[in-house]
Amino acid sequence: MSLRRLPVYVLADCSGSMTGAPIESVKSGIRELHNELMGDPQALEMAFLSVITFNTTAEQLTPLTELPQFSPPDLVASGTTSLGAALELLIDCINSEVKQS
């Protein structure tokens with residue numbers, strides 16, 4: 001019996017409105033999520049993390065990565081908010097990275 005894989009995509013708003021404390025909170029949240037998942041034996045075997053950022057454009061900074069190899073990316077706030085582009089990229093990433101059964 002093979003374990004199911006759990007893809008976890010984080011969409012992080014890195015627009016200019018997130019400058020200062022807000023972007024620091026996002027970075028802290030990603031680190032905390034990673035640490036919590038690393039402490040859960042079941043998640044450690046099943047979860048894969050990806051980080052997609054969006055401001056004026058959307059970019060996948062980290063493709064789906066096994067938890068032990070995941071390194072939280074450094075985030076910088078700038079630009080405008082393009083959530084639509086992030087959602088479109090998320091769909092593309094899911095279609096290319098998640099095996100459909």
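**Surface, fold and cysteines of the predicted chain**

The protein chain exposes about 6200 Å², of which carbon and sulfur atoms supply 54%, with accessible areas taken from the Shrake-Rupley method with a 1.4 Å probe and, for residues, only the protein chains shown counted as cover. The model is predicted, so that local features need pLDDT of at least 70 and side-chain atom pairs count only at pLDDT 80 or more, whereas totals for chains, interfaces and linings use all residues. Residues are numbered from 1 along each chain as its sequence is written, and side-chain values use heavy atoms, with hydrogens and water left out.

Three helices and three strands are assigned in the protein chain, in the order β-α-α-β-β-α from the N terminus on; these are DSSP runs, numbered from the N terminus, with helices being H or I of at least four residues and strands E of at least two. Among contacts (heavy atoms within 4.5 Å) with a separation of 6 or more in the protein chain, 67% are accounted for by residues 24 or more positions apart. Of the 101 residues, 35% count as buried, a class defined by under 20% relative accessible area, as against over 50% for exposed and in between for partly exposed (1.4 Å probe, protein chains only).

A search of the whole structure finds zero disulfides, a disulfide being a pair of cysteine sulfur atoms within 2.5 Å. The sulfur of C14 lies 15 Å from the closest cysteine sulfur, that of C93, which is too far for a bond. C14 is buried at 3% relative accessibility, and C93 is likewise buried, with a relative accessible area of 4%.
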